Amino acid sequence: MTFTRTIALLAVGIAFSNTAAAQTPVYKCIDGEGRVEFTDSSRKGCKLLDLGYTPPAAPRASAPIPAVSTPAVRQSSPPAASASPASFPRVDSAQQRARDDDRREILHDELRSEEKKLADLKRDFNNGEPERQGNERNYAKYQERVSGMRDDINRSERNVEALRREIANLR
């Protein structure tokens, strides 16, 4: 692939990216020798490319925000609860209770699975001194595996904590 063609393809990629499209128009120019160039400035023999977007409308002027006379923190009121439209599907309480029970059971299953995984990881870790494997003649390789095991244990402990919090938050 020639250098010019590579540059042209790069320009096309940039031209069609969202960031370039949102900033400037893109023109396709063909010179006397038939070479294609993409640019952001219009010249003789250049055509504006339609990139399939419309630029955003200019912001409308709004009323100025009134100044607050005291530097105290303003208290914002909680958002008003919006009522669901009448056509919104409803779930009866028995069906919702069944869904909640299913969710609780799934979370308990995940917790049991994660606790078993954590126990296995801790057993294999052997208080920071796992057995060396045959391919770990190099001590650095052994230390790398031990470090990975520590990371796995920490991740599993965080998962157990998260599952317990989720179960405690159930109604």
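This note goes through the aromatic and charged side-chain contacts of a predicted model.

1. The structure holds 1 aromatic pair. Its members are Tyr139 and Tyr142, whose rings are tilted, with 5.7 Å from centre to centre and 35 degrees between the planes. Both tyrosines belong to helix H4 (residues 139-169), where they stand 3 residues apart, about one turn of the helix.

2. Across the whole structure, a search finds 13 salt bridges. Arg112 takes part in one with Glu105, at 3.4 Å from N to O, and in one with Asp109, at 2.2 Å from N to O. Asp109 and Arg112 are both in helix H3 (residues 93-125), 3 residues apart, which is about one turn of the helix. Relative accessibility makes Glu105 partly exposed at 44%, Arg112 partly exposed at 46% and Asp109 partly exposed at 38%.

3. A salt bridge also joins the side chains of Lys122 and Glu157, with 3.4 Å from N to O. This pair links distant parts of the chain, since Lys122 lies in helix H3 and Glu157 in helix H4, 35 residues apart. Lys122 is partly exposed, with a relative accessible area of 43%, and Glu157 is likewise partly exposed, with 28%.

4. Finally, a network of salt bridges links Lys116, Asp120, Arg123 and Asp124.

Key: Residues are numbered from 1 along each chain as its sequence is written. This is a predicted model: local features need pLDDT of at least 70, side-chain atom pairs count only at pLDDT 80 or more; totals for chains, interfaces and linings use all residues. Side-chain values use heavy atoms; hydrogens and water are left out. Rings of Phe, Tyr and Trp (its six-membered ring) pair if their centres lie within 6.5 Å; planes under 30 degrees apart count as stacked, over 60 as edge-to-face and the rest as tilted. Helices (H or I, at least four residues) and strands (E, at least two) are DSSP runs, numbered from the N terminus. A salt bridge is a side-chain nitrogen of Lys or Arg within 4 Å of a carboxyl oxygen of Asp or Glu. Buried means under 20% relative accessible area, exposed over 50%, partly exposed in between (1.4 Å probe, protein chains only).
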